[in-house]
Every structure is written in structure tokens, then in C-alpha cells.
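Biologist: Could you walk me through this one? I'd like to start with how you use your words.

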Amino acid sequence: MNSFSVNYRFTSNFNRLSFGERMDVANLYLIEGILVIKIVDKVYFEEDVALLEFWILLDRWLKNIESENIRAFRYYTLEMDDNIPLFSLIPYQDKFLIEVIEVKEMAANLLPQDKVIEAFKNVHSHLYNDIQNHYGIYIDDYLDKVPF
């Protein structure tokens, strides 16, 4: 039994875009996929998201938790008008409260910080490589061009 996992699958590709279009920062939001958070093998969260946007925000959060106190992670997306995060990791003692915009299957959502951080570090590492391989881009080429 896996108590907590974060996975993704791509739903878009860049095959129809020219090299110049791939380098256009506006098209970075076309790097999309389904992000899935499972708690005790129940699908707690499942949404189509801009995966590169998610990776960049996750990258910034992970760098902060290594150098500072653990802070909340709230994933807002530019695709939504409301000021409501798609999901949040809210620190509470040595745990995270995981809140989502829409619960798919009910599950206990207060989990050990080390398990949650480990799962997000794992998805961060794999997503970096998978985006580059799947879309034929180098993420580092875009980091200084992203407007958030």
C-alpha cells in the first residue's frame, strides 16, 4: 500500500510547433498533463495542469524548504481567474494538511511532512527530465523568461 504519491501524464505535445514557437514563453502553458495526487491508493486530486508552470513553482518551493523553515506550497495557475489554489500543502507541526480545489475520493489528508516532501521531490526530478525528453526543450532556457 502506497500512502502518498504524486504522478502525471502528458496530454499535449509540441510536434505541431516550430522551433521558434517552442521558444515563445506564451506557449509554455501548452506543456500540459494530468496531475494526480493519491492518498492510500485513492485518487484525492486529479486535474489537467500546465506541467512546466507547476514544475517551476515546485522548484522554487523545494529550494526554499532546504534553506528556510518549511512553508506552505499553494499551486495557483494562471489558467484560473479565481484566487483559489488548485491544491495546497499547509504545514501543521510535523505534517502537511493537503487541501485541493475538488476532492475526487475522500481520504485522510493530514500526512507526515517527510513523506509528502519525498513524493514532491521525486515528481520534481522525474518531471524535469520527462518534460525535456517529451517536448525536446531545455527547461533552463525558459527559467528567466517565465513572468511569475
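Modeller: For accessibility, buried means under 20% relative accessible area, exposed over 50%, and partly exposed in between (1.4 Å probe, protein chains only). This is a predicted model, in which local features need pLDDT of at least 70 and side-chain atom pairs count only at pLDDT 80 or more, while totals for chains, interfaces and linings use all residues. Residues are numbered from 1 along each chain as its sequence is written, and side-chain values use heavy atoms, leaving out hydrogens and water.

Biologist: OK, how many salt bridges does the structure hold?

Modeller: There are four, a salt bridge being a side-chain nitrogen of Lys or Arg within 4 Å of a carboxyl oxygen of Asp or Glu. One of them joins E102 to K104, with the closest N and O atoms 3.4 Å apart; E102 is partly exposed at 41% relative accessibility, and K104 is partly exposed at 36%.

Biologist: And D59 with K63, how far apart are the closest N and O atoms there?

Modeller: They are 3.1 Å apart. D59 counts as buried at 10% relative accessibility, whereas K63 counts as exposed at 52%.

Biologist: Which residue does R9 meet in a salt bridge?

Modeller: The side chain of R9 meets that of E46, at 3.4 Å from N to O. This pair links distant parts of the chain, since R9 lies in strand β1 and E46 in strand β3, 37 residues apart; strands here are DSSP runs (E, at least two residues), and helices likewise (H or I, at least four), numbered from the N terminus.
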